[in-house]
Amino acid sequence: MRITEDCIGCGVCVPYCTIGAITLEGGVAVSDQDKCVECAVCTRCVVCPVDAMIQLEVAELPYPRNLRRYFSDPIAISPVTLAGGRGTEEGKTNDRTGRFKFGEVGFGVEMGRPGISTSFADAQTVAQAVSKVGAVFEAKNPIFPLLSDPATGTFKPEILGERVLSLIIEFTVSIEKTPDVIAALRSVEDNIDTVFSLCAITRVNPDKTIPVVPWLERAGVAIRPNAKINVGLGRPLIP
Amino acid sequence: MTHSLHRAGTCESLKNDFPVLAMVARQFDIVNPDAKKRTLEKLQAIFDVFDQHAPTNLGSLYVPGTRAHGMTDAALRAGLKPNGFVGAVFSDRASLRDALRELKERDFGISIIVSGLIDQVFGICDQVGLQPHTIDLALGVWGNQKLLPKAELMEITTMCGHALTSASLVEDVIDRVRRGSLTPEQGALELAKPCVCGIFNQRRAAELLTDLAK
Ligand code: SF4
Ligand code: SF4
């Protein structure tokens, strides 16, 4: 989002910015173009009294800057998934698609979340680390076509400096690889200038135990008490 | 993939907060015009089921607005698309249980995903006779933790799973509530504005704001 010279410096837009890219300088608002992730929250939520905020759409922004727009604004349609949002259907439709089977774990590493943003360079650091322990990246995820080498988790060089509010590195491994994935993620925690929210997706056993829990506990990972649960109402149901 | 997961807060603060999604499977549900028509009818019917069981918020990614934005339920329903989803938040267990019971009886076949405290959601599944199929566990925030805002602000910001509600906006709204220019309920609606898919729980936000503004 760019601010024109019509700005009168009222400051109303400043707190709405998702990542603190708007500041008041010399009596007018300025949006830091390096930080701004083109999420459009400011233009959607604030009525600028002098109409000084300009938000370009995916098709209007040049590549690779347009990546910011469709990764950061869930309403913007990704040319890859042809859907809004940053991820895939993953476990949400697993009762119908069978994407995650017993004995498997799907990991979602949501880079930049919550509310910090990430560069593709930091995402590459994480993707390369998990690829070394056998992560196979989900081809339907909007980051997949941006990988120049999916086997090693390497992104196209021209996008490494782009920033997005978040992106999700999605991959599935056999459950026995859980400790390796956790070790790989721990090894890069100090090498990135952002955060990531981590999730693990598995089938629920018929007795309602969760097969990945012992693996995570042995690896010393704290599991939050709240989760997202597919309650098995899809039809036909994958048993 | 995870926008209704990763809500921050204690068990006490999360015990009345249940985001629910009805999600289409693109490989089956939108493959031809007939499938799209059937899917849209199912989503509309699911929307009505949610609506009848007193959700706190209601929305869909492809409709530009949610109940918290003041969109009427009729306008939200009219804007549903077959390639989308319906999102709702329930703020009490009984409403969620009754909504799930009706969804089970009517057997739409669309995947339903409930977020919340695991013990509570599994307990409600037991009451309704549902077998949880797949679970997405939240394993916390990793990396450079120094970049994060205060934990109490994240209890509110993480209710927009796409991270569109900023910590600076929460601070600004707390300040406005303290000064008396907004009530906690009005402040909560302001904080729900950035969320586009209807899973921000403005009732929980109002309760948290009341405490934070003290
Ligand atoms: S709302 Fe408009 S006038 Fe006010 S600071 Fe922002 S850009 Fe400037
Ligand atoms: S588009 Fe998003 S990141 Fe950019 S200035 Fe607006 S709110 Fe901030």
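This is a short chat about reading the contact between two chains, and one ligand shell, in a predicted model.

Biologist: What should I know before I start?

Modeller: Residues count from 1 along each chain as its sequence is written, while chains are lettered from A and ligands numbered from 1 in the order written. In this predicted model local features need pLDDT of at least 70, side-chain atom pairs count only at pLDDT 80 or more, and totals for chains, interfaces and linings use all residues, with side-chain values taken from heavy atoms, leaving out hydrogens and water.

Biologist: What is the area buried between chain A and chain B?

Modeller: Buried area is the accessible area (1.4 Å probe) that two parts lose on being put together, summed over both. Here that's about 6,800 Å², with carbon and sulfur atoms giving 61%. On the chain A side, A:Lys228, A:Ile229 and A:Leu233 lose the most, together 12% of what that side buries.

Biologist: How many salt bridges are there between chain A and chain B?

Modeller: A salt bridge puts a side-chain nitrogen of Lys or Arg within 4 Å of a carboxyl oxygen of Asp or Glu. There are three between chain A and chain B. A:Lys208 and B:Asp126 form a salt bridge at 3.0 Å, N to O.

Biologist: And which residues are around ligand 2?

Modeller: Being near takes one heavy atom within 4 Å. Among the residues around ligand 2 are A:Cys17, A:Cys36, A:Cys39 and A:Cys42.
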